[in-house]
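Please walk me through this structure.

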Amino acid sequence: MCGIHYCRNWLKKLLRVLLPKVQVLKVDEAREEIQRNHSSCRAKDVTMPAKLPVSFFSTRSPVIDLFRGQLDYADHLRQDSEIVLYFFYAPWCGQSIAAREEIEHVASRLSDQVLFVAVNCWWNQGKCRKQKHFFYFPVIHLYHRSFGPIEYKGPMSAVYIEKFVRRVMTPLLYISSRSKLLDFLSNYEPGVLGYFEFNASPQPPGYLTFFTSALHSLKKDYLGTIRFGVITDKHVAEEISLVHSGSVYLHRHVNTSLIYPNDIMNYTAENICKWALENREMLIRWLRPHGGKSLLLNNELKKGPALLIFIPYNPLAEINPLLDEITKVALEYHNCNKSQAAEPDLQHLGDTDSPAFDSSVPDAHTKLSETFSITKSPCCNTVVLPQWHSISRTHNVCELCINQTLGVKPNKVHVPHCNFFEIEAALDSFYLQEHTFFQVISNTIECSNFLSFYSPFSYYTACCRTVNRHFLSFISSEKTIFQTPKVTFSSHGKKDDAQHSIPHIEDRNCFIPDLHSSGTNFTGLSCRTNKTLNLYLLDSNLFWIYAERLGASRSTHLKEFAAIVDLKEEVHYVLDQNQSLVGSTLENFIKNFSILYSPLKRHLVDDPSVHLHDQRVITEVTTNTFHRTVFLSEKNVLLLYYAQWCGFCASLNHIFIQLARLLPPDNFIVARIDITRNDLPWEFMTDRLPTILFFPYQRKEQSVKFPEDLSVNLPNLLKFILYHSSFSSSEPCTKECLHKETVLQQGHISHLQREIEKLRSEITALHQAHAQLEAQLSEARREEHRLQQQKHTLEKQHKTLQLHSEQLQATYNQKNQELLAMAEKLQELADASENLLKENTLLRILVASREGKLQSQDEIKEPLHSEQTLSEDNSEVSTATDTLEEKRIDNIDTTETEHSSGNRTE
């Protein structure tokens with residue numbers, strides 16, 4: 001018994017030690033399960049299945065829309081069609097949405113010849129998304145039977161897409177007559193011709209290779225700048241020296257045309273395409289920026305000066321007169337082989353001292369009037385060349401005339417008779433023009449024309465010759481013949497008040513006859529100048545925003561514009577939009593740019609978004625208002641150069657506003673200019689922002705820059721302005737000037753005194769406000785200290801309450817556990833009492849059954865024997881009852897013992 005009791009107690013202790021560890025393990029497992037469930041729940045909340053795609057094109061559209069990305073079905077459709085266009089799109093892409101209408105428009109015109117298939121390449125469960133990895137949308141691929149894909153990278157416009165599709169449909173042009181050959185060769189685009197005899201076979205040897213090379217060129221050059229043609233007539237092929245079938249000819253306008261070298265290169269489609277691309281001539285190139293980040297324009301402008309021509313262009317139009325005229329200009333400009341101009345026949349005059357000289361003047365004027373369409377009264381003036389001029393060694397007298405050119409003028413051009421401003425411009429242009437006279441004979445006359453500006457309707461004529469020195473002295477002394485005008489010019493074309501200034505310009509002096517003169521020959525000009533232009537075309541219907549950025553008018557209805565951009569010199573010149581964009585205008589524009597001292601003026605870009613307001617404290621200056629605001633104003637001007645992206649410039653705004661309010665507005669202007677949106681002459685440009693310039697009144701040419709080593713603040717700016725505005729003029733100042741200066745300084749002093757008084761009153765008010773703020777701050781500090789103390793007290797109380805709460809919680813938990821244990825024991829007692837009641841009932845039943853048996857035996861046996869038997873039975877019953885009672889008492893004692901031992905253990 002003791003051994004059993006000891007084992008039982010040892011097992012109970014072991015269970016008490018292992019039970020907490022088992023519970024801890026169960027708690028950890030429960031926590032991990034909860035975390036797994038939580039993480040799985042979060043993943044389901046974050047990622048949700050994508051919605052099913054819907055049709056991108058309407059059901060009535062001729063485009064087959066595979067909006068679930070069924071690329072395999074698209075390939076199946078391609079097998080049954082000759083020409084297929086794939087439009088890969090993303091439903092959310094704005095460019096795809098914009099191009100949808102253009103694709104539908106092209107499909108409505110070509111659906112009977114081309115199969116149009118649109119594929120949603122963004123649906124993540126479609127095969128297109130899994131097999132294709134596009135970096136942009138939309139993407140257009142074309143297939144010509146088994147050849148492809150040919151990607152289209154041009155503008156997403158219906159006319160351009162249709163033009164490209166038609167080029168893929170018919171990559172070859174069939175030429176069967178001489179007229180078609182001439183039309184093909186006269187096009188400005190490079191042309192490749194192949195000669196094949198179709199009499200013997202419908203597919204002569206090499207024809208499929210040549211056909212595939214045309215498709216290869218479209219694949220490599222989406223602009224389609226090379227045109228491919230097939231000559232089917234032998235006599236037509238002989239016109240371009242093609243004799244053998246299968247020969248390939250590359251036509252070039254300026255350089256020598258080429259024939260494909262079959263003996264050097266293999267006759268394959270890739271080699272033919274590569275040969276044509278490497279040897280083609282690009283007289284004019286189309287630029288089509290796609291609108292995104294690109295280096296297209298930068299790479300082209302780096303090649304050299306560029307002439308950008310914006311014209312409205314329709315790719316589907318069969319006739320483009322303006323494009324044909326520009327093509328002629330480009331051909332003449334690059335035609336170096338025919339650039340040798342015939343020298344004009346010079347008229348040899350007799351001795352300059354002979355009287356026959358005067359008699360030759362009417363004939364010369366008659367000849368010139370027959371050659372040129374000149375105004376009836378041209379303004380001609382005699383110029384005596386100074387000794388420093390480069391041509392004065394052989395020619396010392398020239399006559400300048402303002403004339404008109406050939407051609408039909410749009411309206412009657414009126415030239416004022418002897419306008420000295422035009423004569424001054426002619427003189428400036430004449431001295432800047434670089435002429436070289438090779439004739440050294442004294443009795444020869446050299447004539448030449450040079451343009452006043454890029455106008456096709458006016459030019460200057462200069463005829464120069466040598467005369468004797470005594471005749472020049474006669475010219476300078478004889479006042480009755482040569483009347484000196486009131487306005488004369490110095491040797492540099494500037495106005496001069498001296499009466500003896502040279503060269504001497506005479507009004508209406510026919511001293512030298514105007515002979516026939518040949519202007520600068522435009523043919524082959526690109527090979528005779530170091531300022532060769534690259535010609536580029538842009539469609540103004542698509543890229544007019546670039547023209548506006550270069551200076552084109554935004555209100556014009558005719559979108560034609562031309563500009564020369566020289567990236568190296570950081571300048572660009574603009575053709576006047578009032579002139580029509582014709583060949584002669586372009587030629588004059590190119591001529592004026594090509595000469596050594598170009599008369600073209602740099603175009604200054606102006607910001608049209610700036611609106612002038614008189615109520616502004618700081619004046620906003622633009623390119624157009626710079627001269628008027630800075631130089632023509634009778635005030636001192638302080639100008640700030642800034643930019644929108646310049647953070648330091650923005651930090652100076654409040655300083656300049658205070659400065660503008662301090663300075664008297666009658667004498668000072670505080671202005672600023674956005675240098676990134678407004679161009680200025682080079683002498684007023686800056687490479688550092690912010691930059692501050694001061695233009696003092698009456699000494700605007702003596703502008704001063706604010707020192708970079710000084711901090712830009714209000715005191716330094718005031719000292720800078722007052723110091724430089726008080727400089728005396730270089731001319732001696734009179735009493736009146738001194739009086740004005742004194743009055744001006746007194747006005748400045750009184751204005752500054754008033755401003756000082758205002759500042760003092762403001763300082764006093766600020767001191768009072770400062771005292772009030774100090775009192776409020778001290779009160780706030782005291783209140784803050786009191787609140788801090790209350791906070792500490794409350795924190796202590798909170799900690800005490802928290803400890804008390806924890807104690808109560810521990811007591812509550814302990815009592816709760818005791819109650820649970822008592823409840824369990826009461827439940828055990830209830831179960832034991834229930835068992836005893838059941839046993840008692842059984843005993844009663846047994847007693848009743850026993851009593852029945854006894855009664856039956858009593859009836860049979862004798863009464864004595866019955867009494868004896870009854871006494872014996874009673875003793876047995878009492879013995880059984882006592883036994884049952886003892887068992888019940890033993891059970892109760894055992895329960896109480898276990899309860900007491902459990903309490904001691906706990």
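The crossing of helices α11 and α16 is right-handed (a crossing is right-handed if the near helix is turned clockwise from the far one by less than a right angle, and left-handed if anticlockwise). Helix α11 covers residues 321-334 and helix α16 residues 583-594. Their axes lie 9 Å apart and meet at an angle of about 35 degrees. Axes here are lines fitted to C-alpha atoms, for helices over the stretch in contact, and angles run from 0 to 180 degrees between N-to-C directions. Helices (H or I, at least four residues) and strands (E, at least two) are DSSP runs, numbered from the N terminus.

Which residues make the contact? From α11 come Glu 325, Ile 326, Val 329 and Tyr 333. From α16 come Gly 583, Leu 586, Glu 587 and Ile 590. Contact means heavy atoms within 4.5 Å. Five of these residues are nonpolar, one is polar and two are charged. In this count, Ala, Val, Leu, Ile, Met, Phe, Trp, Tyr, Cys and Pro are nonpolar, Asp, Glu, Lys and Arg are charged, and the others, Gly among them, are polar.

The model is predicted: local features need pLDDT of at least 70, side-chain atom pairs count only at pLDDT 80 or more, and totals for chains, interfaces and linings use all residues. Residues are numbered from 1 along each chain as its sequence is written, and side-chain values use heavy atoms, with hydrogens and water left out.

Now take strand β3, residues 115-120. Strand β1 (residues 64-66) runs parallel to β3, joined by three bridges. Leu 66 has Val 119 as its bridge partner. Strand β2 (residues 83-89) also pairs with β3 in the parallel sense, over six bridges. There, Val 84 partners Leu 115. Strands pair if DSSP finds at least two bridges between them.

How many disulfides does the whole structure hold? A search finds two, counting cysteine sulfur atoms within 2.5 Å. One links Cys 121 and Cys 128, with sulfur atoms 1.9 Å apart. This link of Cys 121 and Cys 128 is left-handed, at -90 degrees about the S-S bond. Cys 121 is buried at 3% relative accessible area, and Cys 128 is buried at 0%. Another joins Cys 646 to Cys 649, S to S 2.4 Å. The link of Cys 646 and Cys 649 is right-handed, at 75 degrees. Both Cys 646 and Cys 649 are buried.

Note on methods
Buried means under 20% relative accessible area, exposed over 50%, partly exposed in between (1.4 Å probe, protein chains only).
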